[in-house]
Amino acid sequence: MRKIDTNEYISTLRELTEEGREVGLTISGSSMSPFLIHERDYICFKKPDRELRRGDMVFYQRETGQFVMHRILKVKPEGYYIIGDAQMEIEGPLRREQIFAVVTRVKRKDKWIQKGNFWWEFFEHVWLHIIPMRRYIMWFYVRVRGFK
């Protein structure tokens, strides 16, 4: 198997989204757990064709050049506030030009899901309201998941 630089790969995918294409990749990292799991799940994304809103999973580039996929928590005049599903710290404000794609569907546990699916809606709406409780929910989740 050939290894390539992640930033180079995502830069290429970003260019494809600018051309209007939908592209995909396997999740790397744990910041979107428990919704998306490292090296198990797959996402498809494209250039946004509407105003971004709370709950959207977006791809953006940090000032450091790092590419990240997290969820919009707040949209304010000064920018977007973003958080990963496994995180308690909010990042932002991000400028609109830092966000280059919105996730359109995911392959989670070998099943394609998108807006309208129970789990999609749960994480897009409910999960964003319980940020202070995430630490305890994740602790419990890890313990239960470990006993399967």
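Author: We'll take the aromatic rings, then the charges over rings, then a pocket.
Author: This is a predicted model, where local features need pLDDT of at least 70, side-chain atom pairs count only at pLDDT 80 or more, and totals for chains, interfaces and linings use all residues. Residues are numbered from 1 along each chain as its sequence is written, and side-chain values use heavy atoms, with hydrogens and water left out.

Reader: How many aromatic pairs does the structure hold?
Author: There are 13. Rings of Phe, Tyr and Trp (its six-membered ring) pair if their centres lie within 6.5 Å; planes under 30 degrees apart count as stacked, over 60 as edge-to-face and the rest as tilted.

Reader: Why is the pair of Phe35 and Trp120 edge-to-face?
Author: Because the planes of Phe35 and Trp120 are at 85°, with the ring centres 6.3 Å apart. The two are 85 residues apart, so to speak from distant parts of the chain: Phe35 is in the loop between β1 (23-26) and β2 (42-46), and Trp120 is in helix α2 (residues 118-129). Helices (H or I, at least four residues) and strands (E, at least two) are DSSP runs, numbered from the N terminus.

Reader: Phe35 and Trp120, buried or exposed?
Author: Phe35 and Trp120 are both buried. Buried means under 20% relative accessible area, exposed over 50%, partly exposed in between (1.4 Å probe, protein chains only).

Reader: And what about Trp119 and Phe123?
Author: Their ring centres are 6.2 Å apart and the planes are at 35°, so that pair is tilted. Both lie in helix α2, 4 residues apart, about one turn of the helix. Trp119 is partly exposed at 40% relative accessibility, while Phe123 is buried at 2%.

Reader: Which residues form one aromatic cluster?
Author: Phe35, Phe118, Trp119, Trp120, Phe122, Phe123 and Trp127.

Reader: Switching topic: which ring does the charged end of Arg108 sit over?
Author: The ring of Trp119, 5.5 Å from its centre. Likewise, Arg105 has its charged end over the ring of Trp112, 4.5 Å from the centre. The cut-off is NZ of Lys or CZ of Arg within 6 Å of the ring centre and within 35 degrees of the ring normal.

Reader: Last one: which element gives the most to the lining of the second largest pocket?
Author: That's α3, with 5 residues.
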